[in-house]
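User: I am new to this structure and would like to learn how to read its features one at a time. Could you take me through them?

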Amino acid sequence: MPIVRVALDVPIHGLFDYEVDEPVAPGQRVAVQFGRRQMTGVVMETAAQSDVSPDRIRKVTRVLEDSAPLSSSLLKLLGFCSDYYHHPIGPTVLSALPTRLRSDKPVPVRRDPAFRLIRDPSLLPKRKAIARRIADALAMQPRMLSQLKALSSRVGSELKWLEAEGWIEQCEMPAELPMQSLQLANAHQLNFAQQQAVDAVVQSEGYGCFLLHGITGSGKTEVYVHLMHRMLQPCPESGRREGGQILLLVPEINLTPQLEGYFRARFPATELVSLHSGLSENVRLMNWQQAQSGSACIVLGTRLSVFAEMPRLSLIIVDEEHDGSFKQQDGLRYSARDVAVFRASQSGVPIVLGSATPSLESYHNAQTGRYRLLVLPGRANADARLPDISCINVNQSVMSDGVSEKLLREIGLRISKGEQSLLFINRRGYAPVLMCTECGWLSNCKSCSGKMVLHLKDRKLRCHHCGSQQSMPVSCPDCGHAGLHPVGSGTQRVESLLQARFPDARILRVDRDSTRNKRAWQKMREQIHANEVDMLVGTQMLAKGHDFPSLTLVGVLGADNALYSADFRASERLFAQLMQVAGRAGRADKPGEVLIQTAFPDHPLFRCLERHDFDAWASQLLAERRMAGFPPFVFQAMLRAEGKSERDVYTYLDSARAAAIALQREVEVFGVVPASLARRANHVRAQLLIQAGSRKVLQQFLSDWRIDEIPKGGLHCSLDIDPLEF
Ligand SMILES: [Zn+2]
Ligand SMILES: [Zn+2]
């Protein structure tokens with residue numbers, strides 16, 4: 001009987017052999033018995049015979065045929081990820097699938113009727129706005145209910161009305177869609193640099209990786225849109241006989257829900273689906289299947305969408321490619337940006353990495369010629385000026401609760417002019433720690449090595465690492481002294497300071513606490529746009545891609561924390577974040593100003609920032625990294641272990657270290673050290689860093705290291721390739 005080799009979601013390397021008595025293709029899902037469990041797996045290979053003795057081979061319980069098999073190119077991509085990230089193939093394959101496809105419960109078969117237009121839609125009554133939109137969509141070609149759903153939440157009832165009134169009728173969906181007359185709404189005339197960028201990518205034959213470096217407001221999105229427009233169309237010369245599919249990866253869709261609407265509006269006649277963790281399981285499955293069937297031409301998604309099946313993939317775009325959220329921090333610890341680059345090369349299509357502040361890895365690749373650099377040097381709107389950025393030296397300023405008088409004066413000035421200000425501080429809560437002025441007691445978390453943050457609004461101490469909380473003590477738990485003192489500032493403290501100083505001002509605090517409710521953030525954005533807000537106090541949520549036309553002043557507090565960080569990437573991230581938050585100021589006709597409070601106004605980071613000079617900053621950082629032997633000049637892997645017993649954690653890592661040294665390779669094996677948060681939720685955490693001068697040497701070493709053979713006990717261990725956090 002033929003054999004299938006199945007990937008299963010178990011933490012064991014390798015595939016599992018099963019017998020099957022019907023023809024099964026690689027990529028097909030099967031239900032099998034594993035130990036005592038019934039599991040769903042994916043057939044990776046078929047074979048005529050197995051090395052396992054025949055009496056130990058079980059039969060496949062059921063072949064699941066409710067969803068099309070995974071393509072060989074996706075299986076190959078997942079195989080690459082499993083090898084590169086040294087993660088077992090089973091969990092790698094299964095974690096790439098929508099949750100519904102990981103179970104053996106039948107995928108619901110949706111009734112998804114198609115509709116076509118049978119009367120001239122221009123005669124539709126004006127007041128039936130949604131019906132008109134549906135008719136417009138149907139004017140080009142018949143569409144399925146699932147495709148129309150995105151137009152409005154009221155599509156169902158409007159379709160019924162249209163059908164009853166004789167405007168549309170149900171039909172069979174034609175197997176071959178007529179060539180779409182692709183329209184691009186509101187196409188702007190590209191400036192010279194934008195046009196050159198578009199041409200360079202369009203003219204690339206097959207794979208090419210392009211780094212699109214453009215400051216905030218330089219019109220990167222317009223370049224994306226034009227590129228997408230070109231690559232959606234058939235291009236017989238380059239072998240693309242049908243229209244293509246585009247994969248557009250963005251950092252966090254929840255923060256920018258308007259993004260989806262934006263791209264829908266630009267491509268009104270093109271099917272677009274989104275893929276992110278905020279979708280219900282059923283919607284995610286449906287969208288995934290539309291990408292897989294090819295009916296969705298644009299896939300807009302967060303990191304997990306890098307594994308979406310797209311049979312006619314013609315272009316990948318990674319927006320904000322430097323963003324840390326492209327890196328998955330558990331399970332398969334992949335970087336969606338890096339996987340996207342591999343996928344593009346595997347599929348022979350171009351990929352564009354866009355950013356105002358590229359990661360040093362990508363920037364270095366562009367400088368050494370691995371990637372092609374495309375630069376957008378100016379703002380797309382020639383009248384819009386870059387904001388003026390300058391520093392306020394906190395050592396020479398009068399300060400109240402961490403905010404300088406100069407900044408407060410400038411805020412007052414903006415209020416009197418009816419303009420908005422934003423105070424950026426990347427710390428939520430009232431104060432990062434509570435201290436006893438008598439004995440020096442600090443609000444340490446009992447379960448972590450971190451401090452508990454004071455949330456004065458509900459009088460609680462909260463640990464942001466393990467989530468534990470307690471009431472705020474009225475007196476010192478150690479000495480009984482009543483003088484407990486909040487140290488440092490968070491968003492809540494800045495908010496109350498501003499409220500006290502400007503009692504009539506309308507202040508909005510935007511952080512994870514104030515936007516916990518799903519609708520809250522959207523409501524806040526509407527308030528900001530309606531100019532119902534004078535001042536914003538917020539964390540990095542506010543830094544990302546929002547357009548607030550009345551915002552003319554940005555104040556930055558607490559920036560120096562990153563300069564003290566032990567993480568060598570902290571200053572790279574700080575620069576990117578400050579550039580991004582500075583980009584919020586003065587986008588319309590009003591010039592913007594950015595004031596950064598710091599004790600180190602002469603630090604090169606601020607100097608380069610004041611000149612908007614990313615290149616100078618990046619060159620300096622690269623020179624430092626080269627000297628110190630840090631990425632991108634070396635390649636790293638981090639073995640982490642976490643457990644209740646300190647001895648077990650260190651014994652495990654010490655054994656792994658001994659095994660690494662015994663291999664005698666050209667790799668640097670560092671000492672076992674505590675993690676930056678050495679204890680979390682009563683678990684001891686430590687790590688071991690391995691470094692090599694080339695990716696190949698590192699990969700070869702990791703393959704031979706055999707850490708799986710070291711007993712783990714109950715420890716939680718992980719190997720992180722190209723780690724971003726230390
Ligand atoms: Zn005390
Ligand atoms: Zn804690």
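User: At what angle do the axes of helix α3 and helix α5 cross?

Analyst: Before the angle, please keep in mind that this is a predicted model. The axis of helix α3 (residues 129-140) and that of helix α5 (residues 155-164) cross at roughly 80° and come within 10 Å. Because of that angle, α3 is roughly perpendicular to α5. On the α3 side of the contact stand I130, A131 and I134, and they meet V155, E158, L159, W161 and L162 of α5.

User: Which residues of α3 are buried, and where do they lie around the axis of the helix?

Analyst: The general idea is that an α-helix has 3.6 residues a turn, so residues three or four places apart point the same way. In α3 the buried residues are A131, I134, A135, A137 and L138. Looking down the axis, one finds these buried residues of α3 within an arc of 160°, so they line one face of the helix. They pack against α5, and also against β7 (114-117), β8 (143-144), α4 (145-148) and β9 (168-171).

User: How would I check the length of a helix, taking α12 as the case?

Analyst: One compares the span expected from the number of residues with the distance between the end C-alpha atoms. Helix α12 has 13 residues, 405-417, which at 1.5 Å a residue should span 18 Å, and its end C-alpha atoms are 19 Å apart, so the two values agree.

User: Which residues of α12 are buried, and which exposed residues does the face turned away from them carry?

Analyst: L407, I411 and R414 are the buried residues of α12. They cover an arc of only 60° around the axis, and therefore sit on the same side of α12. The face turned away from that buried side carries E405, R409 and S416, which are exposed. Among the elements that cover the buried residues are β17 (388-393), β19 (403-404) and β20 (420-425), together with β27 (535-538), β28 (551-557) and β29 (593-598). After α12 comes G418, which has a positive phi, near 75°.

User: Which residues other than glycine have a positive phi, and where do they lie?

Analyst: One of them is D401, with phi near 50°, in the loop between β18 (399-400) and β19. Another is Q664, whose phi is about 50°, in the loop between α19 (646-662) and β31 (667-680).

User: Which residues does a cis peptide bond join?

Analyst: The angle to look at is omega, which is about 10° for the cis peptide bond that joins P631 and P632. P632 belongs to the loop between α18 (614-628) and β30 (635-643).

User: How is the chain divided into domains, and what distance separates the centres of domain 2 and domain 5?

Analyst: The domain assignment gives domain 1 (3-102), domain 2 (119-171), domain 3 (192-376), domain 4 (388-431 + 488-624) and domain 5 (635-721). Taken over C-alpha atoms, the centres of domain 2 and domain 5 are separated by 59 Å.

User: Is P503 buried or exposed, and what separates it from G294?

Analyst: P503, in the loop between α13 (491-501) and β26 (507-510), is exposed, with 7 other C-beta atoms within 10 Å. P503 and G294 are 209 residues apart along the chain, and 56 Å separate their C-alpha atoms.

How values were computed: Residues numbered from 1 in each chain as written. Chains lettered and ligands numbered in written order. Predicted model: local features only at pLDDT ≥ 70, side-chain atom pairs only at ≥ 80, totals over all residues. Helix = DSSP H or I, 4+ residues; strand = E, 2+ residues; numbered from the N terminus. Expected span 1.5 Å × (residues − 1). Buried ≥ 20, exposed ≤ 12 C-beta atoms within 10 Å, placed from the backbone. Arc of directions from axis to C-beta. Contact = placed C-beta atoms within 7 Å. Domains from an automatic or database assignment. Axes fitted to C-alpha atoms, helices over the stretch in contact; angles between N-to-C directions. Parallel < 35°, antiparallel > 145°, perpendicular 65-115°, else oblique.
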